[in-house]
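Dear colleague,

I am handing over the structure that we spoke about, with some notes to read beside it. Please look through it first and then go on to the text below.

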Amino acid sequence: MKFFDLFRSKRPSSASIAKERLQIIVSHERRRPSTPDFLPSLQKDILEVVRKYIHINENQIKLSVDRKGDCEVLELNISLSDSVKK
Amino acid sequence: MIADIFNNKEEQELAKVVVVTSGKGGVGKTTTSAAFAAGLAIRGYKTVVIDFDVGLRNLDLIMGCERRVVYDLLNVIHGEGSLNQALIKDKRVGNLFILPASQTRDKDALSMEGVGEVIAALQQSFDYIVCDSPAGIEKGAMTAMYFADEALVVTNPEISSVRDSDRIIGMLASKTRRAEQNLSPVKEHLVITRYDPIRVNKGDMLSADDVHEILAIPFLGVVPESKSVLAASNSGIPVTLTDDSDAGEAYFDMVDRFLGQDRPFRFMDVPKRSFLSRLFGTQ
């Protein structure tokens, strides 16, 4: 068995793969509680309001919640392409 | 004499509520609840273990008292029986009591106020109240953890179990009485069950260090994968009440660490085999 291990040792062990996958998913899911459920519908509403005045599509509006230190920051980005400028 | 000092101290304090939880099913919550409660009782603390798995109760089987259940937790909550009628006294350990779950009712019948009253009543006469949580994050599990002062987070060294435990740890920090009332947080303890050091050494299983690093809560100990766990449940005996069981010893180490004593960590390394047993391939 030990002899054959020499040939197999290059591949990472399944345990180290598991650990890496877990670290990624767990850190992702720990961040999630700060992202409110209402974000998609808020984005949709804002889009509708903005559309009353400017023609934009869904891709031009970006809404995100970030955590900076103790503060939560709700960030709204609306990019205006040249074609919609009045 | 030492026992007297302890008893006097206990009389002034309310019973500690310890939830045994995990998120994922089948990782050993009920085994741990039974073993831990029996261990606490043997160490001289008056202990009651409550089954919160309404509709799928099993603690009674693991404790070997399934034929003695008359009234259950929900009967007490709904005033159909008294707490004393529902409590089952263990026949092996004097200090140990079981409060079974209802097998017939729906888990929605488990009201937070009702459970709170039952726990408050039990706190008057017990030292430890061990709450055996059902799997999942439904009402039964949330009720089991709500009143907890401390939590045993039972995890298998396996990805889905670790991920679910992480979710549960998040809930212990946000959805419990201690969190809601801004009290000091629930004290968490990591219990890793079904641990196999040989597979860990081969790189086929997450190590206790890996799991500890990911979940980042204080580590209480490992329970080795052991035939004695199934043997104990087959006969309805908490594994801490069986003789010569590695898992039973591991649980006793954890009980003692939980009670604030120093115990060396065992069952984490591959057992050393003699030259002859290696040669002949026996254990």
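Predicted model: local features only at pLDDT ≥ 70, side-chain atom pairs only at ≥ 80, totals over all residues.

Residues are numbered from 1 along each chain as its sequence is written, chains are lettered from A and ligands numbered from 1 in the order in which they are written, and side-chain values use heavy atoms, with hydrogens and water left out.

A search of the whole structure gives 2 cavities of 30 Å³ or more. A cavity here is a set of points, on a 1 Å grid over the protein atoms alone, where a 1.4 Å probe fits but cannot get out, and its lining residues have an atom within 4 Å of a point; grid points are joined across faces, edges and corners, and the volume is the space filled by probe spheres set on the points.

The largest cavity has a volume of about 50 Å³, and its lining includes B:Thr31, B:Ile62, B:Ser233 and B:Pro238. Helix H2 (29-42) and helix H12 (227-234) of chain B are the elements that give two or more residues to this lining, helices (H or I, at least four residues) and strands (E, at least two) being DSSP runs numbered from the N terminus. The lining residues divide into 8 nonpolar, 2 polar and no charged, where Ala, Val, Leu, Ile, Met, Phe, Trp, Tyr, Cys and Pro count as nonpolar, Asp, Glu, Lys and Arg as charged, and the others, Gly among them, as polar.

The second largest cavity holds about 40 Å³ of space, and B:Asp253, B:Arg257 and B:Arg266 are among the residues that line it. Its lining divides into 4 nonpolar, 1 polar and 3 charged residues, and the largest share, 3 residues, comes from H13(B).

Helix H7 (residues 139-146) of chain B is mostly covered, with 7 of its 8 residues buried, that is, under 20% relative accessible area with a 1.4 Å probe and protein chains only. These buried residues pack against several elements of chain B, including strand E1 (16-21) and helix H8 (159-172), contact meaning heavy atoms within 4.5 Å.

B:Glu150 lies in strand E6 (residues 150-155) of chain B, and it counts as buried because its relative accessibility is 6%. Not counting residues up to four places away in sequence, B:Glu150 touches residues that include B:Lys16, B:Lys187, B:His189 and B:Phe258.

With best wishes

Key. 1 Å grid on protein atoms, 1.4 Å probe; cavity = no way out; pocket = protein on both sides within 12 Å on 5 of 7 lines; lining within 4 Å. Buried < 20%, exposed > 50% of the residue type's maximum accessible area, 1.4 Å probe, protein only.
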